[in-house]
Amino acid sequence: MEMFHVFLALILMLSIFLGFELISKVPATLHTPLMSGANAISGITIVGALIAAGDGSDPLARYLGAAAVSFATINVVGGYLVTNRMLSMFKKKDTTGSEEAA
Amino acid sequence: MTLELINLFYVASAALFIFGLKQLSSPATAVRGNMLSSFAMLIAIVATLTGKNILPWEWIIISIAIGAIIGGLAAQKVAMTSMPEMVALFNGSGGIASLLVAWAALYNVDNSIFTNVTVVLSILIGGVTFTGSIIAWGKLSEVMPSGAWVFGVQRIVNGAILIGIIAVAVIFCMDPATDSQYLYALIALALIFGVMVVAPVGGADMPVVISLLNSYSGLAACAAGFAINNNILIVAGSMVGAAGIILTNIMCKAMNRSLANVLFSGFGAVKQATKVEGEVKPITADDAYLILEAAQSVTFVPGYGMAVAQAQHVVRELGELLEKNGAEVSYAIHPVAGRMPGHMNVLLAEANVPYDQLVEMEDINPRIEGIDVAVVIGANDVVNPAARNDENSPIYGMPIINVDHARTVFVLKRSMASGFSGVDNPLFFGDNTRMLFGDAKDSIATVVAEFKG
């Protein structure tokens with residue numbers, strides 16, 4: 001283990017605390033969009049898919065990478081679109097258009 | 001771009017993810033928050049693509065196009081009632097992607113013990129997330145039987161798989177190779193384990209499993225981040241991990257059960273509730289109208305049954321008429337109503353119920369005595385007073401919406417049968433309870449017609 005990994009561990013620790021802080025503030029009304037939105041964020045693994053496959057000289061690594069890119073894209077595109085669809089439905093009282101909700 | 005510059009863009013991306021999540025704390029800013037978050041994702045992807053040695057372009061474009069088409073179509077087509085299944089499937093694809101990333105990483109990285117351990121973790125969590133999500137999807141969409149799948153030696157079998165995973169993982173970490181048979185064994189065991197841990201959980205408890213798998217998909221990305229030394233994967237992955245854990249915890253608390261209890265025991269298997277007997281007092285839609293017409297405050301308590309009956313639109317219409325009539329209208333939503341946390345809120349928002357009328361259990365319970373009429377639609381366990389009074393009830397201790405303390409309770413019900421968990425409900429026999437039998441949508445529509453007529 002190198003020093004670099006220790007820094008990554010520090011990043012991990014801070015992100016978990018930050019995640020808990022941010023997400024405990026989300027009201028129950030938005031828990032479903034929160035879940036699908038967070039789910040879309042977990043598609044960040046697409047970055048790993050692009051890198052891991054790109055650096056490889058072995059063809060199998062490329063196949064694996066390409067498959068990972070497809071799966072992660074489903075997660076990212078589907079996740080964000082469906083979250084947007086849900087959030088756009090939440091409207092305040094006495095508003096007719098969607099401007100107020102945005 | 002140099003590696004340093006790419007990493008700077010990752011920092012910007014991480015900041016935008018954080019801002020995005022922060023704006024999710026209010027329905028007024030949530031749409032913008034989601035957009036910020038997707039913009040953060042775009043930055044991370046584009047920055048990565050500018051790095052050296054990325055896959056041949058045509059491969060990237062084809063892979064992304066396939067994923068985008070599938071994901072985009074699914075997101076547009078899915079009905080709001082099927083949202084839990086959809087999230088489960090998206091979860092699963094994130095999980096398998098992390099598994100594949102870790103597998104591909106074996107071809108590139110220095111084989112230090114640290115990297116191997118993270119590769120193994122990523123494969124394990126990703127694999128469990130993938131098959132676990134597929135099973136959860138199957139149970140929720142009723143492609144598979146939704147009941148708990150339990151057999152006698154299950155714990156022994158699961159224990160054996162777990163020991164197998166640990167053994168194979170240790171051997172693999174000692175001597176990693178891209179064509180190691182232990183690698184294939186590890187992947188296979190992770191996939192099997194995902195099936196085995198979700199199969200014993202019944203359909204009613206699936207929301208907890210979905211939250212948990214959501215957390216896993218983040219952790220899998222996080223582990224993959226360690227495997228390839230990438231900070232944005234670690235930051236984004238761990239925040240998703242935290243989100244999943246918080247939601248899991250909320251669901252468990254709302255059912256007064258521990259996570260272990262949800263995962264390892266079939267519901268209601270242990271206790272038999274005290275039999276409740278009594279006489280129910282039915283009411284006609286006409287009489288219900290007269291009472292509602294005189295009410296000053298009305299609260300609707302919806303459950304998943306309302307969505308099944310597709311009654312949310314007529315309910316909203318009735319809510320508007322009651323408001324015009326001078327009554328104060330609210331919708332009280334139990335944390336585990338619906339099939340995932342916050343599911344009922346989405347279904348009501350879809351029916352154009354304004355979000356400021358959606359109230360949580362903790363807000364409505366202290367003032368429920370002042371409510372003239374509580375209308376229970378398609379909910380059962382979450383309003384069952386046995387959870388408060390009957391120590392023998394399987395749901396004893398679960399926090400409920402105390403509708404029995406309202407002045408009058410209407411329970412809309414198709415017929416006399418117990419709810420999802422098979423629990424008798426003393427609410428139906430309460431002095432202030434009136435049963436409005438029939439299809440919820442038809443019953444409400446009749447009341448609405450009376451108001452208009």
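Domain bounds here come from an automatic or database domain assignment.

## Model and numbering

This is a predicted model, in which local features need pLDDT of at least 70 and side-chain atom pairs count only at pLDDT 80 or more, while totals for chains, interfaces and linings use all residues. Residues are numbered from 1 along each chain as its sequence is written, and chains are lettered from A and ligands numbered from 1 in the order in which they are written.

## Chain B and its domains

Chain B has 17 helices and six strands. These are DSSP runs, numbered from the N terminus: helices are H or I with at least four residues, strands E with at least two. The C-alpha trace of chain B spans about 75 × 50 × 35 Å along its principal axes. Of the 453 residues in chain B, 54% are buried, meaning that 20 or more other C-beta atoms, placed from the backbone, lie within 10 Å of the residue's own.

Chain B is assigned domain 1 (55–264) and domain 2 (285–452). Their C-alpha centres lie 37 Å apart. Domain 1 of chain B gives 17 residues to the contact, and domain 2 of chain B gives 16. Two residues are in contact if their C-beta atoms, placed from the backbone, lie within 7 Å. On the domain 1 side, α4, α8 (206–227) and α9 (231–254) of chain B give two or more residues each. That side has 14 nonpolar, three polar and no charged residues. Ala, Val, Leu, Ile, Met, Phe, Trp, Tyr, Cys and Pro count as nonpolar, Asp, Glu, Lys and Arg as charged, and the others, Gly among them, as polar.

## Where chain A meets chain B

In chain A, 80 residues are in contact with 98 residues of chain B. Helices α1 (3–24), α2 (31–42), α3 (45–54) and α4 of chain A each supply at least two residues to the chain A side. The largest share, 28 residues, comes from α4(A). By class, the chain A side has 47 nonpolar, 25 polar and eight charged residues.

## The α4 pair

Helix α4 (residues 59–89) of chain A packs with helix α4 (residues 83–105) of chain B at an angle of about 150°, and their axes are 8 Å apart. That makes α4(A) roughly antiparallel to α4(B), a term for angles over 145 degrees. Axes are lines fitted to C-alpha atoms, for helices over the stretch in contact, and angles run from 0 to 180 degrees between N-to-C directions.

Residues of α4(A) in this contact include A61(A), F71(A) and V82(A). Among those of α4(B) are M86(B), F90(B) and W103(B). The contact has 16 nonpolar, six polar and no charged residues.

Key: Parallel < 35°, antiparallel > 145°, perpendicular 65-115°, else oblique. Buried ≥ 20, exposed ≤ 12 C-beta atoms within 10 Å, placed from the backbone.
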